[in-house]
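Please read this briefing alongside the sequence and the 3D structure. It is arranged by topic.

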Number of protein chains: 2
Amino acid sequence: MVTLEDVARHAGVSLATASRVLNGSTRQVGASLRVKVELAAAQLGYRTNVAAQTLARGASNVIGLVVHDLTDPYFAAIADGAMRVAENQGLMVMIGTTHRDPQREIAYVSTLNAQRVRAVLLVGSRVADEQLTRRLREELDRYRETGGRVACVGQDLLGVDTVVPDNRLGAATLARALAGLGHRSFAVLAGPDRLIAPMDRVAGFAGALEELGLPAPLVLHSSFDREGGYAAATQVSGVTCVFAVTDVMAVGALAAFRDRGIRVPEDVSVAGFDDISTLRDLVPSLSTVRLPLAEMGARALEMALAPDEGTGAQVVTGEVILRESTRALG
Amino acid sequence: MVTLEDVARHAGVSLATASRVLNGSTRQVGASLRVKVELAAAQLGYRTNVAAQTLARGASNVIGLVVHDLTDPYFAAIADGAMRVAENQGLMVMIGTTHRDPQREIAYVSTLNAQRVRAVLLVGSRVADEQLTRRLREELDRYRETGGRVACVGQDLLGVDTVVPDNRLGAATLARALAGLGHRSFAVLAGPDRLIAPMDRVAGFAGALEELGLPAPLVLHSSFDREGGYAAATQVSGVTCVFAVTDVMAVGALAAFRDRGIRVPEDVSVAGFDDISTLRDLVPSLSTVRLPLAEMGARALEMALAPDEGTGAQVVTGEVILRESTRALG
DNA sequence: CAGACTTTGGAAAACGCTTTCCGGGAGGTT
DNA sequence: AACCTCCCGGAAAGCGTTTTCCAAAGTCTG
C-alpha cells in the first residue's frame, strides 16, 4: 500500500508538501516541487486513503441516501436526481434500502452518522406512528448535533428541510378533473393506512368529492405495490372511476381489470399518481398526477448541502395529466 | 463530538477496554466493566467514528457498486439483489452511476479504491474498445494489488470474477422459438454497436436464423433505451417479427408501432430480452428472455466477497418466455 | 503449595492523512 | 542598506480508533 509518505520520500519533499500538491489545499507549492510530487505519485500508483483524509479533516465526502425500495421506479427517479447533484459536487453516495421497515430507516441514520457522512437524505413517506417518528427524530437530532445535515423528501414531520409533494392538492385536483369528465361514483385504491403519503392522497381526493357534493368514494386498503393494486382492484364494483394512489398500484389495477374482463376505460376509468416514466407507454396510457421526481431528489440534496440550514419545507405541486385510461361519461 | 476516549473516561476504564466492549473484539471484557462502558456510551450518545475505525483496522465495511443507470429497471434489479446480500453481511453500499460513459466507470473504480472499499461490483455490458478496457483493467489491477476484490456482471473481459448472462444462447433460443411459430423474416433492434451485450444478442439471434437456413435479419442500430427502440422501430417494414435486444427497447418499439397503426401481434410480433418485472403488465404482454437479475447481482457480490478469489465466470442462462406480443403465423 | 497457564485490564504505538506553526529567502519600500 | 512583507517548505501535533505487548490476578495441575 503506497502512502503519502512514500510519495514524499520518493519525490524528496516533506509530507506536508506532498499533501498540499495531491489533495487540494489553499497553499501554493512551487512548480518544480509540484511536478516532482505528481510524478512520484504517478510512478508509485498512489491513491489517497480517504479514511485517513476524513479522519484528519473531520469531514467526509459522502452523503447518505435512505430509500424504501430501489426497484420501485418512484424511488429510483428521486435517487437519480439526488445522485446527479452529488456527482456535480464531487460527493459519493451511500445508499440504504429499508424495504419499507421504519426501524431500518432509524438504523440507517445511525449507521450513516457513524460514517460521518456530510448529509443524509430520507426519501419516502413518513409513517403515522408517533413513537417511531420520535425515535427517528432523536436519531436525527443526535446526528445534527455534531454537524450533520439532513433533508427529507416526504412529509415535514422531522423538523428538517423537506421537499413536500402536495399530495392532498394533487389528488383533489385530480378528483375535480375526473368529476369534470362526468364521473360520480369512485373507488380509491388507498394503499396501507399507516403511510402518510397515500393517506393524504386519499384525503385530498375524498375532500374534493365532498366539496363537489358527490358521494364518498369506496376506500380499499392494501399493500403499497403492484400486488396491492391488483388485490384491491379485485374488490371494486359499481363505480365508474378508480383512483390508485400510485402509478405502480394502478398498473396492478389495470391487470386485475383485464383479468376480470373489465375494459379500461370503456367500463371503468383508472387514474394513478406520480407519472412514472417507465410506465408512460402503458396501454391504455395512464391518467395521473405528474411529480417532478428527479427534481425533487435534486432539490432535497441541495437543501441539505446549502450553507445555511433550515430553509424549511419546499412544496412541490403535481400536474394532472389525463390520458387514455380515463374517459368522459355520457 | 463524543469520542471513545470520552466514553472510557466516563466509565473509568481504559481506551482499550472501551474499544473492546463497543466495537466487537475477540477479547473478553469482564461483566462489570462491560456494563459500565455500555452505560457510559449510551449516556453520552457515543457513535463510532467509522473513518477512524477503517484507518486503524485497515479495512472498511463498504462495498462499491458501479452501474450505468439506476432508473433503468435492469440495473435497479441487479443492484437490489446485490444490496440484499450486502445488508445481510452488514456492509454499506456506495453507488456510482456512469450514465453509460466508460470513462466515468474508470473514474469510479479509482474513487472507490481511494475509499478502500472491500469490494467493487461492476454492473453492465462491457464496451468493444480495446483501449478503454485496458485502462479499466489497469485501474482494477491497481485496486486488487492492495487487496481489493472485484466482480462483474457482464462479459468476462476484465480478468475478474464475473456473472455472465448467456446472451448469445438466450437470443438463439428465442430465435428458434420464434421460427417455431412460423416466422421467417425478422428485424433486430440492435442498440448501439459498441456495447458487447447487445452485439452478442444480435449475433446469437442471427446465428440461429442462419443455422435454420432462414434469411438474415434486418439489423437496426440505435441508442440502448426506450427512445432507441422507438426510433429503430420507425424504420421497420416488411418483416413479421421484431426482436428488440432489451425489454426497455421493446417498449419503445411497441409505442412506435402503435403510433404507426401497426398492430402487435396481429401485424407484427415483438420480443424483448431481460424480462423486466415492472414491464410484465404491458399490453400486449411481452415475449422475452428471462434473466434472474436480482440473483445475478447477489451472486456477483457473493463471488467478490468469497474468501478465495477467482472462481472465474459463472454463466447464467435465460429462459424464453412467449407471451402475447408474439403470435404463431399461418 | 509451587509452578504453569489462562484471563483480563491498561499503556502506548501504530494507521495515513491535514494543518498549524516556524523559519528562511525573495522582493519591495523607505 | 535596513526593515517589512510575502511566499513557500518542513517539522510535528493532532484526528479517533485498533491492537500489540505487558503485567497482574486468577485458575489449574500434580
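Predicted model: local features only at pLDDT ≥ 70, side-chain atom pairs only at ≥ 80, totals over all residues.

Residues are numbered from 1 along each chain as its sequence is written, while chains are lettered from A and ligands numbered from 1 in the order in which they are written.

**Chain A overall**

- Chain A holds twelve helices and twelve strands; helices (H or I, at least four residues) and strands (E, at least two) are DSSP runs, numbered from the N terminus.
- Chain A is more spread out than a compact globule, because its radius of gyration is 25 Å, well over the 20 Å that the globule rule gives for 330 residues. The radius is taken over C-alpha atoms, and the rule is 2.2 Å times the number of residues to the power 0.38.
- Along the principal axes, the C-alpha atoms of chain A fill a box of roughly 85 × 40 × 30 Å.
- Of the 330 residues of chain A, 54% count as buried. A residue is buried if 20 or more other C-beta atoms lie within 10 Å of its own, exposed if 12 or fewer, and partly exposed in between, with C-beta atoms placed from the backbone.
- Among contacts in chain A between residues at least 6 apart in sequence, 73% join residues at least 24 apart; a contact requires C-beta atoms, placed from the backbone, within 7 Å.

**Contact between chains A and B**

- Chain B and chain A each put 38 residues into the contact.
- On the side of chain B that touches chain A, two or more residues come from each of α4 (50–57), α5 (73–88), β2 (92–97), α6 (102–114) and α11 (247–260) of chain B.
- The largest share of that side, six residues, belongs to α5(B).
- By class, that side of chain B has 21 nonpolar, twelve polar and five charged residues. Ala, Val, Leu, Ile, Met, Phe, Trp, Tyr, Cys and Pro count as nonpolar, Asp, Glu, Lys and Arg as charged, and the others, Gly among them, as polar.
- Strand β2 (residues 92–97) of chain A pairs with β2(B) in the antiparallel sense over three bridges, where pairing needs at least two DSSP bridges.
- Val93(A) is placed opposite Ile95(B) in β2(B).

**DNA strands**

- Around DNA strand C there are 28 residues, of which Leu4(A), Asn23(A), Ala56(A), Gln28(B) and Gly30(B) come nearest; a residue is near a strand if its C-beta atom, placed from the backbone, lies within 6 Å of it.

**Helix α5(A)**

- Helix α5 (residues 73–88) of chain A has 16 residues, and twelve of them are buried.
- Buried residues in α5(A) include Tyr74(A), Phe75(A), Asp80(A) and Met83(A).
- Gly90(A) follows α5(A) and has a positive phi, near 70°.

**Asp156(A)**

- Asp156(A) lies in the loop between β4 (149–153) and β5 (161–165) of chain A.
- Asp156(A) is partly exposed, with 16 other C-beta atoms within 10 Å.
- Not counting residues up to four places away in sequence, Asp156(A) touches Thr162(A), Val164(A) and Ala313(A).
- The C-alpha atoms of Asp156(A) and Ala313(A) are 6.6 Å apart, although 157 residues separate them along the chain.

Key
Contact = placed C-beta atoms within 7 Å. Expected span 1.5 Å × (residues − 1).
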